[in-house]
Amino acid sequence: MNDSFVIWFLSVKPEIFDLKSDRLWPEGFEIIVYESPELLLHNLDSRHPDFILLDWELIHQNVRPLVSKVVRTSAFSEVYLFNLPDDDAINHELSQWELSGTFSPSYSVRDLRQQIQEMADYRQLLNSAGVIGRSSHLKYQAS
C-alpha cells in the first residue's frame with residue numbers, strides 16, 4: 001500500500017499553504033493547491049485525491065453544485081469546507097450534505113495540519129483493515 005496521502009486545496013489564498021514548510025506537512029503528503037474550481041474539477045476526471053479542502057470564500061456563490069460534483073466525481077475522497085462563517089443556518093444546511101467536515105475561519109494552519117494527520121492515520125487504519133468507503137459511520141470524529 002502506498003503511504004502517501006494526496007491533499008488538494010481550493011483556496012483564494014494559496015500562500016497560506018506553504019508547500020515547502022517541513023513544519024506544516026509531514027513527509028509523504030502530496031499537496032496541490034488550486035485557485036480555480038474549474039481547474040480542480042478538470043483534474044478530478046483523471047486523479048482522485050485522498051482529501052479535498054474547499055475554501056468557502058472562493059466558492060460560496062456556487063457551493064452546493066460544486067460540492068455535489070466533487071463528491072460524485074471523487075467518491076472516495078474526504079471533502080471538507082474551510083473558512084466557513086459562524087452562521088447557524090449555513091452550518092445546519094451543510095450538516096445535511098455529504099461533506100466529511102468543516103473548518104471555521106478561526107482554525108490555525110497548525111490545527112489544520114494536525115487534523116489532517118489524524119484523519120490520514122485513521123484512513124490508513126481503515127485501508128489496512130480492507131475497509132473502503134465514505135459512509136458516515138466510517139468518518140473520523142475529531143475529539
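Across the whole structure, a search finds five aromatic pairs, where rings of Phe, Tyr and Trp (its six-membered ring) pair if their centres lie within 6.5 Å. This model is predicted, with local features requiring pLDDT of at least 70 and side-chain atom pairs pLDDT 80 or more, while totals for chains, interfaces and linings use all residues. Residues are numbered from 1 along each chain as its sequence is written, and side-chain values use heavy atoms, without hydrogens or water.

**First selection: Trp8 and Tyr34**

Select Trp8 and Tyr34. Their ring centres are 5.0 Å apart and their planes stand at 65°, so the pair is edge-to-face; planes under 30 degrees apart count as stacked, over 60 as edge-to-face and the rest as tilted. Trp8 belongs to strand β1 and Tyr34 to strand β2, so the pair links parts 26 residues apart in sequence. Strands (E, at least two residues) and helices (H or I, at least four) are DSSP runs numbered from the N terminus.

Next, display the strands. Five of them form an open sheet in the order β2-β1-β3-β4-β5, with parallel pairing; two strands pair if DSSP finds at least two bridges between them. The edges are β2 (29-34) and β5 (101-103), each with a single partner strand, so one side of each has no neighbour in the sheet. From one strand to the next, the twist averages 20°. Strand β4 (residues 78-82) pairs with β5 in the parallel sense over three bridges, and Phe82 stands opposite Phe103 in β5.

Angles run from 0 to 180 degrees between N-to-C directions, and axes are lines fitted to C-alpha atoms, for helices over the stretch in contact.

Finally, show helix α1 (residues 37-44) with helix α3 (residues 63-73), whose axes come within 10 Å and cross at roughly 15°. That makes α1 roughly parallel to α3, a label for angles under 35 degrees, with over 145 counting as roughly antiparallel, 65 to 115 as roughly perpendicular and the rest as oblique. Pro37, Leu40, Leu41 and Leu44 of α1 meet Leu66, Lys69, Val70 and Thr73 of α3, contact meaning heavy atoms within 4.5 Å. Within α1, pick Leu41: the C-alpha atoms of Leu41 and Leu66 are separated by 8.6 Å.
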